[in-house]
Amino acid sequence: MKRYSRTLTIAGSDSGGGAGIQADLKTFSACGCYGMSAITAITAQNTCAVHDIHPVPAAHIAAQIRAVLDDIGADAVKIGMLHSSEVIITVAALLREYGCSTIILDPVMVATSGDRLIEDSAVDTLVEKLFPLALLITPNIPEAEILTKQKIADRDDMERAARFMSEKFAVSVLLKGGHLGGDQVVDLLWQKNSSRAHFFQSRRMTTANTHGTGCTLSSAIAAFIALGSPLQEAVERGRNYLQGALEAGALFSIGKGHGPVHHFFQQHQ
């Protein structure tokens, strides 16, 4: 019998389908994995705004994770936004209990609008409880500035910040540089116990359809890890997948705001 590569997302639901667990599950499927989910919050949102958020109780989040891991298991776990310290502590305890080590953590802290999505106390809990379990964290520039308490304005700042985070938190770091602007998007991978950075560069897309790009990238990396790629290769493959999804998604019009990328572009080429 064949065996699926199994990927679990622990994140919030996006009713508009472009981000959160919907983007994660689409990405897992598009990249060749069997996707599962534990929903941490239910949102009422579309391409224009988040209209309402209903947090899922920590006990039910735990029940979802146990149900999946007791029966199916997971080769990689992707974690998105966790809404409270209680939830972070619950998730961390379960992942430690089940021995999950291939964890891609997207530390969602700042909305596209610039609004903070997580309290300072929850940031501290995230760093203390989940960072030590993660294989990779994937902060963007605003999130990295929160974690390092340093301003990041160029590639040199990115390199200093990524090294600082990797050494301080004992984790590999993919620092996403999209917020810096310019014709090229530059991301930086600093692997745990490394002495240098690896830069990735891709052409910046001129498109409004960028909703869920962070979710999609971290999920693609998790998928390629589950499929057996080493970390640097998984990051490169994940970035290539996102670039293709952005380019294909730019051709479509959906909703009145920031639309999604085209997660299944490879099946329609």
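**Surface and cavity briefing**

Tyr34 counts as partly exposed because its relative accessibility is 36%; partly exposed lies between buried (under 20% relative accessible area) and exposed (over 50%), with a 1.4 Å probe and protein chains only. This is a predicted model: local features need pLDDT of at least 70, side-chain atom pairs count only at pLDDT 80 or more, and totals for chains, interfaces and linings use all residues. Residues are numbered from 1 along each chain as its sequence is written, and side-chain values use heavy atoms, without hydrogens and water.

**Strands and surface**
- Tyr34 sits in strand S2, residues 34-45; a strand is a DSSP run (E) of at least two residues, numbered from the N terminus.
- Pro55 belongs to strand S3, residues 50-55.
- Pro55 has a relative accessible area of 41%, so Pro55 is partly exposed.
- From C-alpha to C-alpha, Pro55 and Thr40 are 6.4 Å apart, yet 15 residues apart in sequence.

**Cavity**
- The whole structure has one cavity of 30 Å³ or more; a cavity is a set of points on a 1 Å grid where a 1.4 Å probe fits but cannot get out.
- The largest cavity holds about 50 Å³ of space.
- Its lining residues (an atom within 4 Å of a point) include Gly80, Asp106 and Leu126.
- The lining of the largest cavity has eight nonpolar residues, one polar and one charged.

Methods: Helix = DSSP H or I, 4+ residues; strand = E, 2+ residues; numbered from the N terminus. 1 Å grid on protein atoms, 1.4 Å probe; cavity = no way out; pocket = protein on both sides within 12 Å on 5 of 7 lines; lining within 4 Å. Points joined across faces, edges and corners; volume = space filled by probe spheres on them. Nonpolar A, V, L, I, M, F, W, Y, C, P; charged D, E, K, R; others polar.
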